[in-house]
Structures are given as C-alpha cells and as structure tokens.
Amino acid sequence: MAEVIRMPLLSDTMTEGVIAEWLKKVGDTVKSGDILAEVETDKATMELENYADGTLLYVAADKGQAIEVNGVLAVVGKPGEDYQSLLDGEGGSSNGAAAETKAEPAPAEQPKTTEEPKKAEAPKAAVDLSSIKATAVRMPLLSDTMTEGVIANWVVNVGDKVKSGDILAEVETDKATMELENYDDGVLLYIGVEAGKAAQVNQIIAIVGEEGANFQAILDAENGTSSAPAEAKEEAPAASVNGSSAEASQSSDAEGRIKASPLAKSIAKDKGINLSDVTGSGENGRIVKKDLDTFTPAAKEAPAPAAAATPAAQPAAPAPKPAAVPEPVGEYEDLPVTSMRKTIARRLSESLYTAPHFYLTMEITMDNAMKFRGQVNEVSPAKISFNDFAIKAAALALKQHPAVNASWLGDKIRRYKYINIGVAVAVEDGLVVPVVRNADQKTLSTISTEVKDYAGKAKSKKLQPKEMEGSTFSISNLGMFGVEEFNPIINSPDSCILAVGGIKKTVGVNDAGEFFVTNIMKVTLACDHRAVDGATGAAFLQTFKQLIEDPMRMLV
C-alpha cells in the first residue's frame, strides 16, 4: 500500500518547510533511508529522509514552494498504484491535482497565457540540465548551527581530475575545520568561492563533470538568469518600474501578505530588513534567503517621491557612528570575524539575553582531593586532572539532582535520562565544547583520555560536529590560568554551566580555634531560572562539594 510522506517538524519553532531541492524525481525507485529532498526551515537546510521502500509516485510541491508541518510532501508506493484516494483524504491535497488539471486548459484562457509559460519553463530547464554531464558541489550542512562555511583551502585546482572520495577543499564551520569530499568522477570545471571567502549552506561552490561540459547552464539555472530574457520580453512595460509594481505583485499575495520562506523571515528580522522592500526570486515571487544575501537598501532610493524623505532619514542613521566608533589616534588593525567567532557571539548573546541567569558560588576544600589524585595517578593508565574530578563529580551529582540535567523548551522542561557533560576547550579562534557522553558511567581514566583526545582535535580543528552536540550540562575551567572565580554564560540549550576556578592556599581555622594551611577551590554555578530554582542549584552544589571533598565516593 502507498505511503504518504509528510513534512516533519525539524525544529521546535518550525511551522512550514520550503523545498530547497528534490534529490529524487517521480518514477525513481527509493528505499528506506534514502534522502528525498533538502528542506529549508527557519533555522537551517536539512535533509528529508524517506521511510518507505517503493517508487516515488507523487510530489506535492516544486522546488521553492512551502509546505506546512505535517502536510503531504510525497507519496511512495508500487509502480502504477492508485494513490489519489490518499490525497483526496487530505484537506489541501486536492490542490495538487487541481493544479495539474489546470495546466492543460490554461493556455486557452487569454489572461493566463503570460503566466503559464513561466511555470512550463521550469521542467524544461530540468530536462536541459540533465543532459549536461556535470554535477554541482554545494556547501554542505556540517553542523546543526551552521549557516555558512568558509573555504579555508582548496586542495585541487580547476582542470584537475578528481574521483569520488577525493578531498576537494577544507571548510571552516562555526565549530571546526572539516574536509569537503567529492562524490563524482570527472574534472573540476568551476570554483565559485575563493579561499578565505564564505558560502551559505547549499550554495554552489564548485562543479565537477566531463571536460568541456557546459557548466554555465547550471549556474544560470541556479541564479535564475535563464528565465530572465523571456520575462523581460513579455513584461517590457513593467521593467522600468522594477522596484515597485513587480515587487508588489510578486512578493505579496492578494491580501497584501508578504510571501517569504521561514528562514528568510528569520534573517530579515536579525538584519532589520523590511521584507516589503525586497523583491523575491523564488516561486511566485517568494522571498528566499538568496534575496536577503544580495539585498542592499540603497536600491530603494530610486523612486522620486521618496527622495524628499530619504535624505532626512539617512543623516540620522550615521549620526551615532562617530560616537560609537571614535576615530583612532594611533595604529590599529581590523581583524575579520571568523565563522566560529560569529557563532559564539550570536549564541552567547541569545543565551545571556533570553535566559535569566543567576549565579551560586561555593568554596570547596581540596586537601583530600589533592592527596587522592596523587594516589590515583600511581595506578591510572592516564594522568588524572582536577578537571576530570570535576566532570565525574558533576555527572554523579546530576544523577542525584535530575532537575539540573534539563533544558527549557518554552512550553515544557525536558529532563534527560542520560548525562552528557560538555567541556569548554579554548582554541585560537574562540571556544568549542566537545561532549563526554554518559559521563556518570565512565571511570576517571576514561574521562581523562577522552578529554585529552578532544582537546588535541580541537587545537588541530579536527573535531567533528557529532562530538560537540548533545550536551545536557557544561563545565568551564579557567583555574589553570590563575582565575579564582568567574561568572560563565550558559551553553544553550543546557540549563546550567559550572565555572571552576583555581586552587589557592589559604588559612583555615579548626573547631579548636587553631590556624592551619588549607587549599580552597571556588566553583560558580550559572542557572537558567526558567528551569532551575535557587534551592535546586544549591542542592546540586552541595552534593558536588561532598564528592570533591571526599573523592573516594566517586569510585563507589
């Protein structure tokens, strides 16, 4: 029996998804696990996985069109199987059939003859491209938070022969530098992004194919330039008012609502762009990410009526700049912001200004831990550090206080049954947080080995995205730099992060009033007050303190 493939919920804020690319076409044989399409959500472009064996019988949307969450995307079944009954049972599925039936009578209707050829040209472009023996290499989604990648280095040059499995380039993401693998045999025909430049996820960065293949047609189809001449001839009178009538008719519907993808709306909000000023290049004038990447506000200065208002509005914008950025009085250097630094700035700003932080600081006596560490390192296959103690103690404390091992999800609080500790590691460009999984179940020597391995990979930018995902609690240790205490920013979506300071000798007083030298370490727990209350955080810290001050308890 045929199976309906629906638009999945790919993020907690997603309401609809846009088909960025179909990787299978109607009539193709597909298996469970195959990638059917790439879907653009409000956060990233993600792969849509098939979960039924059979033949792709039907697709409900073309490239660039949006489908609401849980809406019908496709139908997979046996060749020739009647799937219409499945579509008739869906509220909006009949639209797809109606669109197909209208495609035939439309040419006979004079008012629609100008629009129908545009829709008909899309399939033709696909057929033409299929005859070109070349494949576009796109910027892959290499991490869950990645929006763009920087080409750190091209390993091959245009004209070089490449095989499937060869490394084409090194790509710097927001988390690590990774190798970009080739999937087709042929010649590198085109490089679209120079070393050191950034490319958006899913953007064409290279083309591989037969020598002499017309790769320019692929680029024209990507940029939409192949259909531009036809539109220019048909709509010559409107061409002169490109910024007004065309924009109003294509980028908004009959009710005046602006048509834009969820990701485009998110980008526009972040950049402060008014979507009504943007001309959409997507299906039916829909505004997509590419339109915002190339949008410049200066283009709107053309209309004469706005000329009077524009000069008045513009001087107000530059006015604050001299105050915010004073003229330098000596030599200085402007450093480009790396992808990693951009992501750190964005994520920590979001965390600090959306999660209500509060901080709890506690002193821990380290005398027993220092003696115990010496004893353990005599028999341990790996050298144990105090940071390893902190990871193990935090994991065991989380087991006793599951309310701290949680995430705030808006309408619910998710408490994790597993304990994954994210460990902040400083690198040249910023900070990465590899994850020690199931830390409560691991020995101190195992934790030590993993952390050292992650640190080495981080320094050489070889950490994989999967090694930095899935933390439920984080630890940041600046004690080795002589820092006594500090207030960390929560590593979202975790609810807490523990800041570990250095060990300092100080004077203590016993019950008899006698002075003695002791070793103290300060720790500070930052909590998201939406998920963790003060008493809950304090109880966790008390358990953590007990485990560190009596470290033998971590072994039983």
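## Exposure and the overall chain

Buried means under 20% relative accessible area, exposed means over 50%, and partly exposed lies in between (1.4 Å probe, protein chains only). Tyr359 is partly exposed, because its relative accessible area is 31%. This is a predicted model, where local features need pLDDT of at least 70, side-chain atom pairs count only at pLDDT 80 or more, and totals for chains, interfaces and linings use all residues. Residues are numbered from 1 along each chain as its sequence is written, and side-chain values use heavy atoms, with hydrogens and water left out.

The protein chain has 556 residues, and 40% of them are buried. Its secondary structure comes to 16 helices and 26 strands. Both are DSSP runs numbered from the N terminus: helices are H or I with at least four residues, strands are E with at least two. Contact means heavy atoms within 4.5 Å. Among contacts in the protein chain with a separation of 6 or more, 61% are between residues 24 or more positions apart.

## The surface

The accessible surface of the protein chain comes to about 30200 Å². Carbon and sulfur atoms hold 53% of that surface. Areas come from the Shrake-Rupley method with a 1.4 Å probe; for residues, only the protein chains shown count as cover.

Tyr359 sits in strand β17, residues 357-365. With Leu352 and Tyr353, Tyr359 forms a nonpolar surface patch. Together the three have about 330 Å² of accessible area. Patches are made of residues with over 30% relative accessible area and no salt bridge; like charges are joined within 9 Å, and nonpolar side chains (Val, Leu, Ile, Met, Phe, Trp, Tyr) within 5 Å.

## Salt bridges

A salt bridge is a side-chain nitrogen of Lys or Arg within 4 Å of a carboxyl oxygen of Asp or Glu. The count by this rule is 17 salt bridges. Glu21 forms one with Lys63, with the closest N and O atoms 3.1 Å apart. This pair links distant parts of the chain, 42 residues apart. Glu21 is in strand β2 (residues 16-22), while Lys63 is in the loop between β6 (54-59) and β7 (66-68). Lys63 counts as partly exposed, because its relative accessibility is 41%.

Glu21 also forms a salt bridge with Arg138, where the closest N and O atoms are 3.7 Å apart. This pair, too, links distant parts of the chain: Arg138 is in strand β9 (residues 134-138), 117 residues from Glu21. At 22% relative accessibility, Arg138 is partly exposed. Further along, Asp528 and Arg530 meet through their side chains in a salt bridge of 2.9 Å, N to O. Asp528 is buried at 3% relative accessibility, whereas Arg530 is partly exposed at 33%. Shared partners join Glu21, Lys63, Arg138 and Glu222 into one network of salt bridges.

The structure holds zero disulfides. Cys496 is in none, and its nearest cysteine sulfur, that of Cys527, is 3.7 Å away. Cys527 is likewise in no disulfide, with the sulfur of Cys496 as its nearest at 3.7 Å. Cys496 is buried, at 0% relative accessible area. Cys527 is buried too, also at 0%.

Ser407 is in strand β18, residues 406-408. Ser407 is buried, with 0% relative accessible area. Its side chain makes a polar contact of 2.7 Å with the side chain of Tyr416. Not counting residues up to four places away in sequence, Ser407 touches several others, including Lys412, Pro493 and Ser495.

Lys442 lies in the loop between β23 (435-436) and α15 (444-459). Lys442 counts as buried, because its relative accessibility is 19%. The side chains of Lys442 and Glu450 are joined by a polar contact of 2.5 Å. Beyond four places in sequence, Lys442 touches Lys392, Val436, Arg437, Ile447 and Glu450.

## Val425

Val425 is in strand β21, residues 425-427. Val425 counts as buried at 8% relative accessibility. Leaving aside neighbours within four places in sequence, its contacts include Gly430, Pro434 and Ala458. Ile475 is 50 residues away along the chain, and the two C-alpha atoms are separated by 9.7 Å.

Notes: Polar contact = N/O pair within 3.5 Å; in protein donor to acceptor, adjacent residues only side chain to side chain. Disulfide = S-S within 2.5 Å.
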